[in-house]
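The structure comes first, then the terms and the details.

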Amino acid sequence: MSGDNDRPDAPDAPGAPDAPERPAFERGTGFLLARLGSLTARSWAAFLGEHRLTQGQYAVLVALDRHGPVVQRRLAELVAVDARNLVPVLDQLADRQLVERRPHDTDRRRRVVTLTDRGSALVGTIAAAAAAEQERFLGALTAAERRHLNGLLQRLYAAHVPADGPA
């Protein structure tokens, strides 16, 4: 990656609070993105762990919350996993009564997956807690800076990840 802050002699970002100067490698855009990504990934995994969920399980719950009941194969597409790998995830969620599986009305070979009331409540709880955690993590930025950062990250993401899902 290149950019002004990647050069060892580059000035710190404008508007940065008065803090001890970081080593040059800690001011590079690539390092910062990777390090902050690692910090948020660990924090997110621990956060989901408090709710006894994996990232894959959470993705299933959110997809069902957004799309409603869907057949298993479509759910696998929505969460970008192989349909065979989805079965153990659904088993674990069903054991906790967060999802239900039932035969399709017209094709008994297909299974429809539905979010239960308990699963829906958990998605809502996690969404509210995640929003509060995001506020804490981004607390050093103003609302305008947060919007700007999010817009820049969305542009970068769109430039590297196809709209139909990660490659």
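Two strands count as paired if DSSP finds at least two bridges between them. Helices (H or I, at least four residues) and strands (E, at least two) are DSSP runs, numbered from the N terminus. The model is predicted: local features need pLDDT of at least 70, side-chain atom pairs count only at pLDDT 80 or more, and totals for chains, interfaces and linings use all residues. Residues are numbered from 1 along each chain as its sequence is written, and side-chain values use heavy atoms, without hydrogens and water.

| Strands | Sense | Bridges |
|---|---|---|
| Strand 1 (residues 70-71) and strand 3 | antiparallel | 2 bridges |
| Strand 2 and strand 3 | antiparallel | 5 bridges |

Val70 faces Val113 of strand 3, and Pro103 has Arg111 of strand 3 as its bridge partner.

Helix 4 covers residues 83-95. The expected span of a helix is 1.5 Å times one less than its number of residues. At the N-terminal end, Asp82 caps helix 4, with a side-chain oxygen 2.8 Å from the backbone nitrogen of Arg84. After helix 4 comes Gln97, which has a positive phi near 60°.

Leu86, Val89, Leu90 and Leu93 are the buried residues of helix 4. An α-helix has 3.6 residues a turn, so residues three or four places apart point the same way. The cover over the buried residues of helix 4 includes helix 2 (55-67), helix 3 (72-78), strand 2 (99-103) and strand 3 (111-115).

How values were computed:
Buried < 20%, exposed > 50% of the residue type's maximum accessible area, 1.4 Å probe, protein only. Contact = heavy atoms within 4.5 Å. Polar contact = N/O pair within 3.5 Å; in protein donor to acceptor, adjacent residues only side chain to side chain.
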